[in-house]
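Have a look around before reading on.

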Amino acid sequence: MSTIATVTEAQSIDHWSKKAGLGLIRIVPTLALTAAVIVAWELATRLMKLPTFVLPAPSVIAAELVRKQGDLFFAALVTAQEVLFGFVLSAAVGILVALVIARFDAFGRALYPLVVLFQNVPKIALAPLFILWFGYDLEPKIALIVVIAFFPVALDMLAGLQSVDPNLVILLRSVGASRTEILRRVQIPHSLPHLMSGLKIAVTLSVIGAIVGEFAGASAGLGYLIQFASTQMETALVFAALVEVSILGVVFFYAVEALERRYVSWMPRAGDAHGRTNG
């Protein structure tokens, strides 16, 4: 038994080492391109002798990141809280809208055009209204995130709910399954891969929504810091805050992807397919 366990453990270690090595190989082109852009940017700012308030060099931005890390970290925490609450609520609203449209045909046909119409309203125009209604605290940012981010969740999940094989639906109805049972046992599980795609789009839109909300009115957060630094001509701080915003977006995106890998493990992924094709 101990020999079998040792072999199994060795195979598991070998599998994960190969997977880690493949992951490193995949990110090498990205790292190389990023390094090339940074070097070109640094050289351009030095050769052209651009003022720092116009376009700071990457080295200046990095120094500002280190010097103002305390302020940036606090601002990132504020924005992260807004993104988290807003994303969770937008996901719940999007899922609810998709389920209602899929379950109730007549009501769904009436609701869907209104959802599409609402999506075409410029969201930046709603920000002052939310501040008027909810004040300058967390609520207006969450409300703005919801109206920006719920649509891809609703649309992608609805596509998944409606893409079930019609023959399977007919078969289930022939054995007496109700609409609710078909929705719960077949359509919802089938829609999960589509839902995860919508959630990954929504979480990036949530970051954008939080920044836009802070632009409209806030006393803390990365959006507030960007706006304040712009008025003071501190362009290096603006770029440093943008770096923090990008990192925040990447963290949230891969957190959703981790949930996808954990709970929708049967879903094929573009990266895996690409690796198998090249192999």
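A crossing counts as left-handed if the near helix is turned anticlockwise from the far one by less than a right angle, and as right-handed if clockwise. By that rule, H7 and H8 make a right-handed crossing. This is a predicted model, where local features need pLDDT of at least 70, side-chain atom pairs count only at pLDDT 80 or more, and totals for chains, interfaces and linings use all residues. Residues are numbered from 1 along each chain as its sequence is written, and side-chain values use heavy atoms, with hydrogens and water left out.

Stay with that pair for a moment. The axes of H7 (residues 166-174) and H8 lie 10 Å apart, at an angle of about 130°. That makes H7 oblique to H8 (under 35 degrees would be roughly parallel, over 145 roughly antiparallel, 65 to 115 roughly perpendicular, and the rest is oblique). Leu168, Val169, Leu172 and Arg173 of H7 meet Arg179, Ile182 and Val186 of H8, contact meaning heavy atoms within 4.5 Å.

Now for another pair. The axes of H3 (residues 69-103) and H4 (residues 105-119) come within 6 Å and cross at roughly 135°. H3 is therefore oblique to H4.

Which residues of H9 are buried? In H9 (residues 222-231), they are Leu222, Gly223, Leu225, Ile226 and Ala229, buried being under 20% relative accessible area with a 1.4 Å probe, protein chains only. Seen down the axis of H9, these fall within an arc of 160°, so they line one face of the helix. They pack against H3, H8 (179-216) and H10 (235-263). After H9 comes Met233, with a positive phi near 60°.

Key
Axes are lines fitted to C-alpha atoms, for helices over the stretch in contact, and angles run from 0 to 180 degrees between N-to-C directions. Helices (H or I, at least four residues) and strands (E, at least two) are DSSP runs, numbered from the N terminus. Buried means under 20% relative accessible area, exposed over 50%, partly exposed in between (1.4 Å probe, protein chains only). The arc is that of the directions from the helix axis to the C-beta atoms.
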